[in-house]
Amino acid sequence: MQALYADAQVFDTLKSIPTKNRASQALAIYKANYRHIDSAIAFKKIDELTKIAAELNDKALALAVFDCKADYYSVNYGFNPHSLYYYQKAIDQAIAESLTVETGIYIFKKGQYYNTFEMYVPACQLYLKAYDIFKSAGPENIPGYATNLNRIADFYYALGDLESSRRFLLEALGSPDIQARDQINMINTVGLIYRSTGKYDNALHYFNTALQLAKKNKDSVWVAIATGNIGSVYFMQKKYDIALPYIKTDYEQSVKFGEKGNGAIALVRIATINADRKDYTIALEQIDTAEKIFNIHPKSTLKYRIDMYALKADIFEKMDKPAEALRYRKIYDAASDSLARINDVLSVERTKLKWENDKQQLKVQQLSARARTERIKRNALAGVLFLLIVISFLIYNRQKLVIRRDKAVLEKQEVALQLETSRADAERNNAKLALIDFTDQLRVKNDIIENFKAELDMMQRQTDPLYMYRANQLADMMNAHIMTDKSWHEFKTLFEKVHPSFFKILTVRFPDLTETDMRLLSLVKLKLNNREMAGMLGITIEGVKKSKQRLRKKIGLSEEGSLETLMAEI
């Protein structure tokens, strides 16, 4: 199976689709093929995107590489630093490439990542930052703008900040790019918010709107959900006769479409109506069925299980079974305490998020005030510039005579400057030739030094005094050909004429460089090889390599960087 994945060239299909769809399609291909396979194979395939993006010159597609890697670590390892690293890499690169839309998108995705793992404060900070970028870039330029706002609304809804959720939902519903199913979902959620706050008329309005839109789009699932929600409003108002047909339809459709949790909620409501009609046996059977479903996901159904326990205790009391009633009353109390603790935590989170929202609003107000100040300054500056233009126009005629008078002088100066430039160019060319000649002489000396080294090595193995004397002479001759301080200053003088700013730039950019470092880098600038450098500097080739390695660390050059490339740019 892995070999099949390795040979598949599915990313190549990106070359034939429109640019605006490539990044999202790349993520879809990754999720379908590589999300759950061995990491070595997955990352090898993901890295192919980098080559394809470079080939197509698609900067947005290049960012999808980071997106895929962040998702891979998230799905396979949970919350981890690697995913955060890759999301931040995408953000940094988008900023560096001046891709405003992509910057907002990847800040939003990083916020989604934090939200997935219930880290609400950093998620909120990133959501708001992304939202500001989306607004400044223009919602019409943001792919899936309505969907993103819906996710922010869901974030606030889950934390119980219903007003913020409603605000984002209403803005999303006004977006032109909204999809029909998303529209139904958002309208339904607005209805849930009004239902939660006891505004039943408003809730019914939105649930009915969602129902009509679902019927228009022949969306059976949403028809069932909206129908059930309409029934829930009548149920909460204790209008059981009106509510029951809606709730029964909700239950039947939920069973049909496999929505067990929603079906269990509907079943408890039906049981409540049966208990109100004193059909206790049927009500208990329905509650038992619902309880089995709720126990599969106890955390997410806590609120509904509390209602169920209260109902069950009430039924047993009416059936004159005090022991059973007491048992379920205790279970109800324990579940209520758990829900209270959860609500306390969410309350703290809402307080933190409110502080973040207020801080963000203050920032926006400060930016607006600054913008107004800047506008006033610009208007004042425009007035000053207008006055300057008028004054300049009045002065212009007076200056014309001065210009004519000075024109002849300027022409003479231009001729003199051209002559001076020619002389400077000639001197530079001469210096360049002299530097080449000087370097060639040093290369010749290197060859001599190499011969001396070989002969010296042979003589040092002899014990004859005559050979020893000759060896000492050769050593002195070698020292005479090494780049001494004197020869270095001669070389440096010629070098600076050809590359006048080289040593100054080095000193400014890398203030910790020594004179020895300068010598080596000047030879690198001349593109000498390691053997030539070794001869000129009087060290071994291995010594040159070590010196280069030391220099790379000193100037902070990455492993992929090259001293030769860096020196060529200076």
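**Entry 1: S165**

I started at S165 and found it in helix α9, which covers residues 162-173. I'm working with a predicted model here. Is S165 buried or exposed? Its relative accessible area comes out at 0%, and buried means under 20%, so I put S165 down as buried. Next I looked up what S165 touches, skipping neighbours within four places in sequence. My list for S165 reads A153, Y156, Y157 and I193.

**Entry 2: the cores**

I went on to the largest nonpolar core, which has 91 residues. Which of its members touch the most other members? I noted F11, Y30, L49, L61 and F155. A general note to myself: in soluble globular proteins, nonpolar side chains tend to be buried together.

Leaving out neighbours within four places in sequence, I found L61 in contact with L14, R22, A23, A26, L49, I52, A53 and L56. L49, one of those contacts, is also on my list of core members that touch the most others.

**Entry 3: two lysines with positive phi**

I then checked K218, which is not a glycine but has a positive phi of about 55 degrees. Where does K218 lie? I found it in the loop between α11 (200-216) and α12 (220-236). The relative accessibility of K218 is 75%, and the cut-off for exposed is over 50%, so K218 counts as exposed.

K238 also went into the notebook: not a glycine, yet with a positive phi of about 65 degrees. I located K238 in the loop between α12 and α13 (240-256). With a relative accessible area of 62%, K238 is exposed too.

**Entry 4: the second largest pocket**

Last, I looked at the second largest pocket, which has a volume of about 950 Å³. I read off 31 lining residues, and the closest to the pocket's centre are S24, L27, D67, I105 and K109. Which helices each supply at least two residues of the lining? I have α2 (19-33), α4 (59-77), α6 (100-116) and α8 (145-158). The largest share comes from α6, with nine residues.

What is the lining of this pocket like by class? I noted 13 nonpolar, ten polar and eight charged residues.

Technical notes. Residues numbered from 1 in each chain as written. Predicted model: local features only at pLDDT ≥ 70, side-chain atom pairs only at ≥ 80, totals over all residues. Heavy atoms only, no water. Helix = DSSP H or I, 4+ residues; strand = E, 2+ residues; numbered from the N terminus. Buried < 20%, exposed > 50% of the residue type's maximum accessible area, 1.4 Å probe, protein only. Contact = heavy atoms within 4.5 Å. Core = buried A, V, L, I, M, F, W, Y, C linked by side-chain atoms within 4.5 Å. 1 Å grid on protein atoms, 1.4 Å probe; cavity = no way out; pocket = protein on both sides within 12 Å on 5 of 7 lines; lining within 4 Å. Points joined across faces, edges and corners; volume = space filled by probe spheres on them. Nonpolar A, V, L, I, M, F, W, Y, C, P; charged D, E, K, R; others polar.
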